[in-house]
Amino acid sequence: MNSLILERLRAFDPAVIRETGEFRGDLTVTLGKADIVRVGEFLKNDPALSFVMLIDLLGVDMYRPEDRFEVVYTLYSLANKKYLRLKVRVDEQDPVVPTVTGVWAGANWHERETYDMFGLKFTGHPDLRRRYMPEEFEYFPLRKDFPTMGIPDSLPLPRR
């Protein structure tokens, strides 16, 4: 099935695939962030692939000088009983990725969480605001440079 996915993606647009990898039978395809929406639409609507479910979407802080962050999309095809992982790399100076809420509505919550915890913005998102932290909180707790014990006095805590 992995070879079929790659074959269909290459037929769709050979330039979209940046890297591929396989782990325990599951394929991972790295794309450019500008391609994520149209590749997502293709993977969802192609009858041979039919990746209709977005299982998860998350941010990863790789803490490297270039392309510090990754956004990882885990898709599932009910028809083929197959998982597929997509990745896009995001630079710290331009932490913006197009939203996939128009492709998979379930991305809404996941993109908001990724924004809240990593500071990655999703352009075109219908309601991009913080999920856990107050709107005025200026830090992103899941970044690797965020102190383990937090930042003293960064959040007002209730008094007893």
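**Exercise 1.** Find which strands the buried residues of helix α3 pack against, and work out why α3 counts as largely enclosed.

*Solution.* In this predicted model, where local features need pLDDT of at least 70, side-chain atom pairs count only at pLDDT 80 or more, while totals for chains, interfaces and linings use all residues. Residues are numbered from 1 along each chain as its sequence is written, and side-chain values use heavy atoms, with hydrogens and water left out.

Begin with burial, which means under 20% relative accessible area with a 1.4 Å probe and protein chains only. Nine of the twelve residues of α3 are buried, so the helix is largely enclosed by the rest of the structure; among them are His-110, Tyr-115 and Phe-118. Next, look for contacts, meaning heavy atoms within 4.5 Å: the buried residues of α3 pack against β3 (53-61), β4 (69-77), β6 (96-98) and β7 (121-123).

**Exercise 2.** Describe how helix α1 (residues 2-12) meets helix α2 (residues 36-45).

*Solution.* The two axes, which are lines fitted to C-alpha atoms over the stretch in contact, come within 11 Å and cross at roughly 125°. In the contact itself, Arg-8, Leu-9 and Phe-12 of α1 meet Arg-38, Val-39, Phe-42 and Leu-43 of α2.

Conventions:
Buried means under 20% relative accessible area, exposed over 50%, partly exposed in between (1.4 Å probe, protein chains only). Helices (H or I, at least four residues) and strands (E, at least two) are DSSP runs, numbered from the N terminus. Axes are lines fitted to C-alpha atoms, for helices over the stretch in contact, and angles run from 0 to 180 degrees between N-to-C directions.
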